[in-house]
Amino acid sequence: MIIRDTLLWGAEQLKRAEIQEYRKEAEMLLSACIDRNRLWLYMYPEITVSEQDFTPYRKSICKRAERIPIQHILGRCDFMHMELLITPDVFIPRPETELVVEEAISRVKSYELGVMSKNKRKNSELRTHNSELRILDLCTGSGCIAIALARRFSEATVIATDISQRALKIAKINAERYGVEDKITFLAGDLFEPLTHYISYLDTYDLIISNPPYIPTDDIPYLQAEVAYDPQIAINGGKDGLCYLRRISKEAHRFLKSGGYLILEIGDGQAGNVFEMLDSTGRYESPEVSKDIAGIDRIITAKKREWKR
């Protein structure tokens with residue numbers, strides 16, 4: 001078959017399987033099999049697809065029709081203008097988490113401006129131009145948040161933790177791909193646990209970010225089929241979905257500088273509960289919530305109050 005007909009066949013198979021972006025994904029899979037970009041497919045639609053190329057294409061289409069995530073078939077995922085390695089050992093980054101990174105960048109800018117005003121600095125150089133900025137990424141998974149911020153703030157110190165050694169292995173590979181492996185320290189352990197043995201880590205972070213597991217255990221069987229391929233440890237937030245959000249809300253202030261920000265990705269309907277958790281600590285100013293592109297409350301941002309011990 002020629003490229004045009006091959007794409008039509010692939011798109012039809014995915015449409016029958018109720019894949020939402022069936023045409024786009026058929027193109028992505030064929031591009032990978034023939035090692036050409038999608039634009040090239042449109043430029044040369046009459047070129048014949050060899051049997052050598054069509055065989056793996058057919059197999060990949062069948063896998064996708066079985067609702068195996070396209071990221072697992074391709075072994076990669078696009079995130080913040082990066083192409084990250086993805087395996088079944090890590091959670092597939094979603095577009096919502098890109099919004100978390102954008103929120104972090106925005107807050108760093110406002111935080112830096114606030115520091116300059118307080119210190120009456122006369123120049124416009126942000127602290128992000130030097131090594132003072134410290135960032136902590138909890139539940140790093142593929143490393144997507146830590147790597148994106150390490151690239152954006154080239155002289156910042158970034159610590160990334162995850163309970164999964166396998167996930168950390170992938171995160172390190174992704175960091176190496178983008179030349180930030182020396183700027184990120186990856187630590188194995190449950191949330192803040194890897195930091196608790198080091199008093200120097202207390203009250204030292206300008207920014208703590210996390211996209212933790214937040215799906216209630218009983219809801220997992222009813223999620224979109226593709227989510228079943230994510231590691232359970234990366235999505236299961238316990239009975240009410242708030243297990244990890246509760247722990248982070250309770251402990252984060254110990255590691256956050258006064259005036260620093262805690263930024264959390266949350267599930268649908270969880271904003272009120274997280275507000276209450278943060279308020280109960282007495283350590284934060286009124287939290288703010290941001291919505292995702294679907295209009296769902298998705299990001300909680302809380303600024304730590306000035307605290308006198």
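**Figure 1. Trp9, Phe54 and Tyr57 gather into one aromatic cluster.** This close-up, like the others here, comes from a predicted model. A pair of aromatic rings is described by the distance of the centres and the angle of the planes. In total, the count comes to 5 aromatic pairs. For Trp9 and Phe54, the ring centres are 5.4 Å apart and the planes stand at 55°, so this pair is tilted. The pair links distant parts of the chain, with Trp9 in helix H1 (residues 3-16) and Phe54 in helix H4, 45 residues apart.

**Figure 2. Phe192 and Phe255 form a stacked aromatic pair.** Their rings lie 4.7 Å apart, centre to centre, with 5° between the planes. Phe192 belongs to the loop between strand S5 (184-188) and strand S6 (205-210), and Phe255 to the loop between helix H10 (243-251) and strand S7 (256-265), so the pair ties together parts that are 63 residues apart in sequence. Both Phe192 and Phe255 are buried.

**Figure 3. Two arginines lie over the faces of aromatic rings.** In one view, Arg94 sits over the face of Phe91, 4.5 Å from the ring centre. In the other, Arg134 takes up its place over the face of Tyr205, at 4.9 Å from the ring centre.

**Figure 4. Ile135, Leu149, Ile184, Leu207 and Ile209 touch the most other members of the largest nonpolar core.** This core has 33 residues. At least two of its residues come from each of strand S2 (82-85), helix H6 (95-118), helix H7 (144-152), strand S4 (157-162), helix H8 (165-177), S5, S6 and S7. Helix H7 gives the largest share, with 7 residues. Zoom in on Ile135 and you will find that, leaving aside residues up to four places away in sequence, it touches Leu149, Phe153, Ala156, Thr157, Val158, Ile159, Tyr205, Leu207 and Ile209. Apart from this core lies another, of 31 residues, including Leu245, Leu256, Val274 and Tyr284.

**Figure 5. Pro56 is part of helix H4 (residues 51-65).** Is Pro56 buried or partly exposed? With a relative accessibility of 34%, Pro56 counts as partly exposed. For a sense of scale, compare Pro56 with Tyr229: the two are 173 residues apart in sequence and 21 Å apart in space, C-alpha to C-alpha.

Conventions:
Residues are numbered from 1 along each chain as its sequence is written. This is a predicted model: local features need pLDDT of at least 70, side-chain atom pairs count only at pLDDT 80 or more; totals for chains, interfaces and linings use all residues. Side-chain values use heavy atoms; hydrogens and water are left out. Helices (H or I, at least four residues) and strands (E, at least two) are DSSP runs, numbered from the N terminus. Buried means under 20% relative accessible area, exposed over 50%, partly exposed in between (1.4 Å probe, protein chains only). Rings of Phe, Tyr and Trp (its six-membered ring) pair if their centres lie within 6.5 Å; planes under 30 degrees apart count as stacked, over 60 as edge-to-face and the rest as tilted. A charge sits over a ring if NZ of Lys or CZ of Arg is within 6 Å of the ring centre and within 35 degrees of the ring normal. A nonpolar core is a set of buried Ala, Val, Leu, Ile, Met, Phe, Trp, Tyr and Cys residues joined through side-chain atoms within 4.5 Å. Contact means heavy atoms within 4.5 Å.
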